[in-house]
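I opened my notebook today to look at the inside of a protein model. Here is what I wrote down, one entry at a time.

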There are 2 protein chains.
Amino acid sequence: MRFLHTADWHIGKSLNGFDLLDDQQAVFEQIEGIAKKKAVDAVVIAGDLYDRSIPSEAAVRQLNAELAQLNLTDHFPVLAISGNHDSATRLGTGANWFAQTGLYLNTRLDSAFEPVTIGDTEFFLLPFFGIQAVRNHFGDDSIRDVNTAMARIVAAMQERFTPGKHHVLVAHFFAAGSQRTADSETLIEVGGLSAVATTTLAPFDYVALGHLHNRNALHDDRVRYSGSPMKFSVSEADQEKGVWIVDTDPFKAEWVPLAPAHDIHRLTGSFADLVANREQHPRDDFYDIELTDHERIPDVLNKLREHYPKIVSLHRTHAAKQVDPDHARARRKQSPIDLLADFYQQTMGIDLTATQRKWASDALSAVNDEEEE
Amino acid sequence: MRFLHTADWHIGKSLNGFDLLDDQQAVFEQIEGIAKKKAVDAVVIAGDLYDRSIPSEAAVRQLNAELAQLNLTDHFPVLAISGNHDSATRLGTGANWFAQTGLYLNTRLDSAFEPVTIGDTEFFLLPFFGIQAVRNHFGDDSIRDVNTAMARIVAAMQERFTPGKHHVLVAHFFAAGSQRTADSETLIEVGGLSAVATTTLAPFDYVALGHLHNRNALHDDRVRYSGSPMKFSVSEADQEKGVWIVDTDPFKAEWVPLAPAHDIHRLTGSFADLVANREQHPRDDFYDIELTDHERIPDVLNKLREHYPKIVSLHRTHAAKQVDPDHARARRKQSPIDLLADFYQQTMGIDLTATQRKWASDALSAVNDEEEE
């Protein structure tokens, strides 16, 4: 049994206002091509198919067409779950019908314990879940953290294991050992311990995870993130994106990279240098730019966009003095008005005037009075 | 061939703030029961399955479950289209898979010309459409009104007619002869003539229409509205709701009424009488109340809701003097301040004081000044 493991498609996501649907379609076509070339027996999508609980009509149209392409045209079995970005109910529309052609889309915790068997492997499709749903499922309010919850879930799944089969878990959560780096991820809502320990997942031959966008967030032979198929934030600029091709017998996981239609780059330099070197950088890629100029250049973003139309963020090396850490610690004990005066000085390079200080002080008093009422 | 014709389910609609999902589920169960009892060969739903383009998750869950019940559990073929209240794209999610079990859900004009054949009958599923979509489909910008558009559509469908079969059109529009009465209907967006003439529809053995909520909006043996399965506004209070059971050979259309879980009633009376007679009226039904009292009763709505919790509207017979039409015409020439003074007098029964008049005048001047800036 061989399957392709991908996750976190986030169809409909935009990058600082730039629509990514075409780029997402391009990367989908690469995934489809890899699935065909590697002759996989199934495609696994481990959650966050959409970027939002109410995706745009264009996003709905695109994901519908992509799933139809994989499942109805190419005849791949598809194993998918909802992630924290998806609305389980909305994404689950039609799921009752999909299974007939081998599109297994599970968005309900209660349905996660009935495995889908393809070839020599039983797949358990566990959607993103909240602790309360686990309490409800097991009728046990003592479940307080995600590790306890997962231990219960894994034990219940293990009871269903057919001996002699391989067992794969498809899931969407934050697993231990991983590092949260990308600003495109939201905090998982769990009490107490917030990460699932990979040891909890030991009964499975493979765990196909979604949630973190960096496949290197976790290093475990049998528990892997595929990461997102393309870069969704500047913090992902240096990550290689791709998919896993997993063989169950003998076990093997091969990384196959994906090429972005438009890459994200970090550039640092003076305005003059950036303009002079524009030919070195693909015009339609995305750029995060750090300007090293000391003097202020009026309307600099628009001027740079003449050469780099898709600038997603712009910083200045010399925009404001760096706050030194000792100073920052001292600030914690300051009164609100002193904090404000300090912030103003740091940002503007000059002190508050007496009049400004009085206005600010009056405003702070008024706010305090309101809060005490 | 026998089928059930219903339309305008508007799942997720609320009635002046009162959630109707439970009532809608109850009426759905009656429809399902009728389909079983009459042993129909198919269920036709002629558009407006949802009330909004982005229905709530609860509405999505309910319609998904209802369609699964009819199609997957009861094994009825279902023939459905999108109406003007539905998002074609969102409602169409999963449609590619649905047809495999005989759930034919068409939300695309381009797919309307390929009939679905069940028994002796070819069904053409025409979703709600805008004129521009018809122009695009035929590549003909000269199509200017809905009648021309429908003539083209019907002609194209006729070319696909298999001789010897019966031909049924399922559609969602305003057909000629109908009367727009319900305030729960929005105006159909068409240029020029806004209604389709029933003569245009003559090639069909039966046209199962949705859009108008009153089955009596049109009287034509072969072109019928089923109306909505329940009352969705006070203006529908006196309508009988139900479904058509249509036999194709020999042709016969039988009306089967549906009983609302909670009916809508119009009541007229004094506060004292309404309170005294409360036992005569089911407590959990919906009420439109006209109060005949002359004097103003403080907080009357809340007082009445102790006895009639689901009041959807409240009027007073003697709230304001009737505006006589001659007076209304004269008002068109009045200045804003005079109009306001007039309105105040009509509503409150007394004149503006000099101070009030000055305030109003100043406010109007300020607004005018802003508009001229």
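How do the residues of the lining of the second largest cavity divide into nonpolar, polar and charged? I looked this up in what is a predicted model. I found seven nonpolar residues, one polar and three charged.

**Entry: the second largest cavity.** I noted a volume of about 70 Å³ for this cavity. Its lining includes B:Leu15, B:Leu20 and B:Asp23. I also listed B:Met230 and B:Lys231 there. The run B:Pro260, B:Ala261, B:His262, B:Asp263 and B:Ile264 lines the cavity too, along with B:Phe286.

**Entry: the largest cavity.** I then asked how many cavities of 30 Å³ or more the structure holds, and the count is ten. The largest cavity contains about 380 Å³ of space. I saw that 30 residues line the largest cavity, and that the closest to its centre are A:Arg90, A:Thr93, B:Val60, B:Arg90 and B:Thr93. From chain A, α2 (57–73), α3 (88–91) and α4 (95–98) each give two or more residues to this lining. I sorted the lining of the largest cavity into 18 nonpolar, nine polar and three charged residues.

**Entry: the nonpolar core.** Which residues touch the most other members of the largest nonpolar core? I found A:Leu4 and B:Leu4, in a core of 84 residues.

Conventions
Residues numbered from 1 in each chain as written. Chains lettered and ligands numbered in written order. Predicted model: local features only at pLDDT ≥ 70, side-chain atom pairs only at ≥ 80, totals over all residues. Heavy atoms only, no water. Core = buried A, V, L, I, M, F, W, Y, C linked by side-chain atoms within 4.5 Å. Buried < 20%, exposed > 50% of the residue type's maximum accessible area, 1.4 Å probe, protein only. 1 Å grid on protein atoms, 1.4 Å probe; cavity = no way out; pocket = protein on both sides within 12 Å on 5 of 7 lines; lining within 4 Å. Points joined across faces, edges and corners; volume = space filled by probe spheres on them. Helix = DSSP H or I, 4+ residues; strand = E, 2+ residues; numbered from the N terminus. Nonpolar A, V, L, I, M, F, W, Y, C, P; charged D, E, K, R; others polar.
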